[in-house]
Amino acid sequence: FQGVGRSTKEESLVRAASIYIRLGLARKYCDLMVEVGDWSKALAMAPAVGMQYWAEIAGKYAKHLEGEDDYDCVPLLIASGDEEGAGDFLVRHGDLDVAFTVAQTTHEGGYAKIAAARTA
C-alpha cells in the first residue's frame, strides 16, 4: 500500500518523461516510455532522436512481442533489420510459406528500402 497522495513508480516515470519531452529531451522521454511499457509513445517519438534509434526501440519491442508469441513481432523484426529473427519466429510457429517469403525477399534485397530508411 503506497499511502494516500503517494505516486507509484510508474506515475513518477511518466511525469518525468513529460518533463523531458517539454525540455526537448526526446531520447530520455522514449527511454522512460519503454521502461513503463508504453511502446507506442516511445516508437512515435523515437524518430525525433533518429531513425537508427527508432530501429533500436522497434527491435526491443519486437523481442518483447516475440517473447509473448505475438505475431506482431514479425513486421517490427523486419523493420528493425532482423529479417532472420522474423523468419525464425515464423518457422517456430509453423508458418513455413511466410518464412520462405521473408527469406527469399531478404536474399533478393527486397528490404533494401527499409534498411536505407533506418540509416537516414
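**Helix packing in a predicted model**

**View 1. Helices H2 and H4 pack side by side in this predicted model.** The axes of helix H2 (residues 26–35) and helix H4 (residues 51–67) come within 12 Å and cross at roughly 5 degrees. An angle under 35 degrees counts as roughly parallel, so H2 is roughly parallel to H4. H2 contributes Arg 27, Cys 30, Asp 31 and Val 34 to the contact. H4 contributes Tyr 53, Glu 56 and Ile 57. By class, the residues of this contact are 4 nonpolar and 3 charged, with no polar ones.

**View 2. Helix H4, its length and its buried residues.** H4 has 17 residues, which should span 24 Å at 1.5 Å a residue. Its end C-alpha atoms are 24 Å apart, so the two values agree. Buried residues in H4 are Tyr 53, Trp 54, Ala 55, Ile 57, Ala 58, Gly 59, Ala 62, Leu 65 and Glu 66. Their cover includes H2, helix H3 (39–45), H5, H6 and helix H8 (112–118). Tyr 53 and Ile 57 are buried and also take part in the contact with H2. Just after H4, Asp 69 has a positive phi of about 55 degrees.

**View 3. Helix H6 and its packing partners.** Helix H6 covers residues 83–92. Its buried residues are Glu 83, Gly 85, Ala 86, Gly 87, Phe 89 and Leu 90. They pack against H4, helix H5 (73–79) and helix H7 (96–107).

How values were computed: Residues numbered from 1 in each chain as written. Predicted model: local features only at pLDDT ≥ 70, side-chain atom pairs only at ≥ 80, totals over all residues. Heavy atoms only, no water. Axes fitted to C-alpha atoms, helices over the stretch in contact; angles between N-to-C directions. Helix = DSSP H or I, 4+ residues; strand = E, 2+ residues; numbered from the N terminus. Parallel < 35°, antiparallel > 145°, perpendicular 65-115°, else oblique. Contact = heavy atoms within 4.5 Å. Nonpolar A, V, L, I, M, F, W, Y, C, P; charged D, E, K, R; others polar. Buried < 20%, exposed > 50% of the residue type's maximum accessible area, 1.4 Å probe, protein only. Expected span 1.5 Å × (residues − 1).
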